[in-house]
Amino acid sequence: MWTKKETAMAKVLVIGATGYLGSHMVRELKRAGHWVRALSRREGAFATATYKPDDTFIGEATRSETLGGLCDGIEYVFSALGQTRQRDKLNVWDVDYAANKTVLDLAVAAGVRQFLFISVVRPELSIDLDIVAAREALVVDMAVATSMTVAPV
């Protein structure tokens with residue numbers, strides 16, 4: 001991911017931080033000594049976590065009006081955000097594409113150094129699935145919209 005020299009005490013934003021992969025990322029970043037901000041829709045989301053983020057930003061990635069200042073002071077964004085068991089009427093294009101694109105745009109505007117996004121292995125094999133198409137559309141936008149290092153992983 002990042003070398004120690006590049007990221008001694010890096011400031012990292014994790015979106016999708018309350019999900020399976022995101023929560024593991026928060027833990028590993030904290031264990032490595034980094035400062036972590038996590039995006040959460042609700043207060044207390046990390047109350048029982050062994051490794052808590054340094055800052056919990058309360059907002060919804062699908063509602064841009066709740067995200068003012070999200071990327072301020074951040075060097076790296078790691079996105080594990082994706083639709084899972086949505087209780088609302090949102091679909092993969094709303095979450096996997098649009099919400100991630102909103103945070104990408106905020107990251108670019110804030111001067112974030114790197115945006116890491118969990119993509120799909122061999123997307124050409126299943127591009128006809130909406131979830132794959134939505135994620136790959138973001139990968140294309142990432143390459144076009146930014147001069148920061150873009151790293152689909």
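Let us begin at a single side chain: Asp55 is partly exposed, with a relative accessible area of 25%. The model you are looking at is predicted, so every value along the way is computed from its coordinates. What does Asp55 do with its charge? The side chain of Asp55 meets that of Arg37 in a salt bridge, with N and O 2.6 Å apart. Asp55 belongs to strand 3 and Arg37 to strand 2, so this pair ties together parts that are 18 residues apart in sequence. The two partners fall into separate accessibility classes: Arg37, at 11% relative accessibility, counts as buried, whereas Asp55 is partly exposed. The cut-off that settles this is 20% relative accessible area, under which a residue is called buried.

The protein has 4 helices and 6 strands, and reading along the sequence gives the pattern α-β-α-β-β-β-α-β-α-β. How much of the protein is buried? Of its 153 residues, 41% are buried. The accessible surface comes to about 8,300 Å², and carbon and sulfur atoms account for 52% of that area. Contacts also reach across the sequence: among those between residues at least 6 apart, 61% join residues at least 24 apart.

Strand 1 pairs with strand 2 in the parallel sense, over 4 bridges. Another spot to look at is Lys11, whose charged end sits over the ring of Trp35, 5.4 Å from the ring centre.

Now back to the charges. How many salt bridges does the structure hold? There are 7 of them. One joins Lys30 to Asp54, with the closest N and O atoms 2.7 Å apart. Lys30 lies in helix 2 (residues 20–31), while Asp54 lies in the loop between strand 2 (35–40) and strand 3 (55–58), so the pair ties together parts that are 24 residues apart in sequence. Asp54 is partly exposed, at a relative accessible area of 40%.

Lys101 pairs with Asp105, and here the closest N and O atoms are 2.7 Å apart. Both residues lie in helix 3 (residues 92–110), 4 residues apart, which is about one turn of the helix. Asp105 counts as partly exposed, at 35% relative accessibility. Elsewhere, salt bridges with shared partners join Arg27, Glu28 and Arg31 into one network.

Where does the aromatic pair lie? The structure holds 1 such pair. It is made by Trp93 and Tyr97, whose ring centres are 5.9 Å apart and whose planes meet at 55°, so the pair is tilted. Trp93 and Tyr97 both lie in helix 3, 4 residues apart, about one turn of the helix. Trp93 is partly exposed, with 33% relative accessible area.

Leaving out residues up to four places away in sequence, Asp96 touches Gly82, Gln83, Phe117, Ile131, Ala134, Arg135 and Leu138.

Val103 is also found in helix 3. Its relative accessible area is 0%, so Val103 is buried. Which residues does Val103 contact? Apart from neighbours within four places in sequence, they are Leu13, Ile15, Leu67, Leu70, Cys71, Val77 and Phe115.

Technical notes:
Residues numbered from 1 in each chain as written. Predicted model: local features only at pLDDT ≥ 70, side-chain atom pairs only at ≥ 80, totals over all residues. Heavy atoms only, no water. Salt bridge = Lys/Arg side-chain N within 4 Å of Asp/Glu carboxyl O. Helix = DSSP H or I, 4+ residues; strand = E, 2+ residues; numbered from the N terminus. Buried < 20%, exposed > 50% of the residue type's maximum accessible area, 1.4 Å probe, protein only. Contact = heavy atoms within 4.5 Å. Areas by Shrake-Rupley, 256 points an atom, 1.4 Å probe, with all protein chains shown as cover. Phe/Tyr/Trp six-rings, centres within 6.5 Å; stacked < 30°, edge-to-face > 60°. Lys NZ or Arg CZ within 6 Å of the ring centre and 35° of its normal. Pairing = 2+ DSSP bridges.
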